[in-house]
Amino acid sequence: MKLATVKNANRDGQLVVVNRDLTKAVAVAQIAATMQAALDDWASIAPKLAEVAAALEKGAVKDSFAFDPSNAMAPLPRAYHWVDGSAYVNHVELVRKARGAQMPESFWTDPLVYQGGSDDFLGARQDVPVPSEDFGIDLEGEVAVITDDVPIGTKRAAAFEHIKLVMLVNDWSLRNLIPNELAKGFGFYQSKPATAFSPVAVTPDELGTAWSEAKVHLPLVVHVNGQPFGKPNAGVDMTFDFAKLIEHITVTRNARAGTVLGSGTISNYDRSLGSACIAERRTLEQIEQGKPVTSFLKFGDTVRIEMFDAQGRSLFGAIEQKVVRA
């Protein structure tokens, strides 16, 4: 099942069911007006949405309309809880090396997460407003999951069942603001502008065998200004799977329905696959060439992030955005 939120008069948009090839959609206000409403009562609402999805695939829905990704908001336009991990620890190691910071050995065994702003998510085709190019504008291609209610103290073995939806992320970063913020010892804020998500979120079963052990075993295809930038595999070198991340974030508190949990930038040890962020490429250039060569993004630059199944079909639709002056 594939779900999206399209724009309407409501700031939280209208929940729609989308067909598998992302061409048709149908509004389901009679079942759940918004994505959050569906997640709040997922056990009873999901089967009804699945019935609509099945009918849509058969062409048996009268009120379907053409699905337009440019009219899509983030699948969950604003969330009660957005927490992003750094599940690809080799990426963390590289980026910290770039700013001269040592990485504690505990990072390989104890997940690293931060809680970000969830009140202002971006849709997949929205421009990305940034006040200055001097901030070091960078993309970060990730996978994220959305949960139902996850109780405090949930262990990894029980966490799998709480993953209800999967989507793609561009967790924008302002690299030149990060060092000073982290030096204060209180985490990210100004260096993390609004996060963008794919046009649709999908139930894990839509991924078939690519969804295994709470990981998506497919390449994330990244283009910058129309040129290939990277295609790291999201299922490779992921130190902490999503179930482990859920265990980590619920050690001391609940994660309520609609919690969005990101993987962190996807990164592989096989560097021939490229990168999902500029900072990683710059670090590799520093190591190999003695200085970074690739510049951070400028106003007018575009980024496209997408994932395809084994048949070459887009699974989530593309995040395709332009950086603009705020």
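Start by selecting Ser 263: you'll find this residue in the loop that runs between β18 (260-262) and α7 (278-289). Keep in mind as you go that you're looking at a predicted model.

Is Ser 263 buried or exposed? Its relative accessible area is 0%, so this serine counts as buried. Now show what surrounds Ser 263: leaving aside residues up to four places away in sequence, its contacts are Asp 84, Gly 85, Ser 86, Ala 87, Tyr 88, Glu 142, Val 143, Met 238 and Phe 242.

Asp 84 and Gly 85 take you to the next stop, strand β5 (residues 82-85). Both of its faces are covered: Trp 82 and Asp 84 are buried on one side, Val 83 and Gly 85 on the other. In general, side chains in a regular strand alternate between the two faces of the sheet.

Which strands pair with β5? One is β18, in the parallel sense over three bridges; look for Trp 82 standing opposite Val 260 there. Another is β6 (residues 113-115), which runs antiparallel to β5, again over three bridges. Here Val 83 has Gln 115 as its bridge partner.

Now hop over to an open sheet of five strands, ordered β7-β20-β19-β16-β17, with mixed pairing. Pick out β7 (128-130) and β17 (227-230) at the edges: each has a single partner strand, so one side of each lacks a neighbour in the sheet. On average, neighbouring strands here are turned by 25° against each other, direction ignored.

Last stop: zoom in on β7 and β20 (residues 319-325), a parallel pair with three bridges. Select Val 128 and you'll find its bridge partner in β20, Val 323.

Technical notes:
Residues numbered from 1 in each chain as written. Predicted model: local features only at pLDDT ≥ 70, side-chain atom pairs only at ≥ 80, totals over all residues. Heavy atoms only, no water. Helix = DSSP H or I, 4+ residues; strand = E, 2+ residues; numbered from the N terminus. Buried < 20%, exposed > 50% of the residue type's maximum accessible area, 1.4 Å probe, protein only. Contact = heavy atoms within 4.5 Å. Pairing = 2+ DSSP bridges. Axes fitted to C-alpha atoms, helices over the stretch in contact; angles between N-to-C directions.
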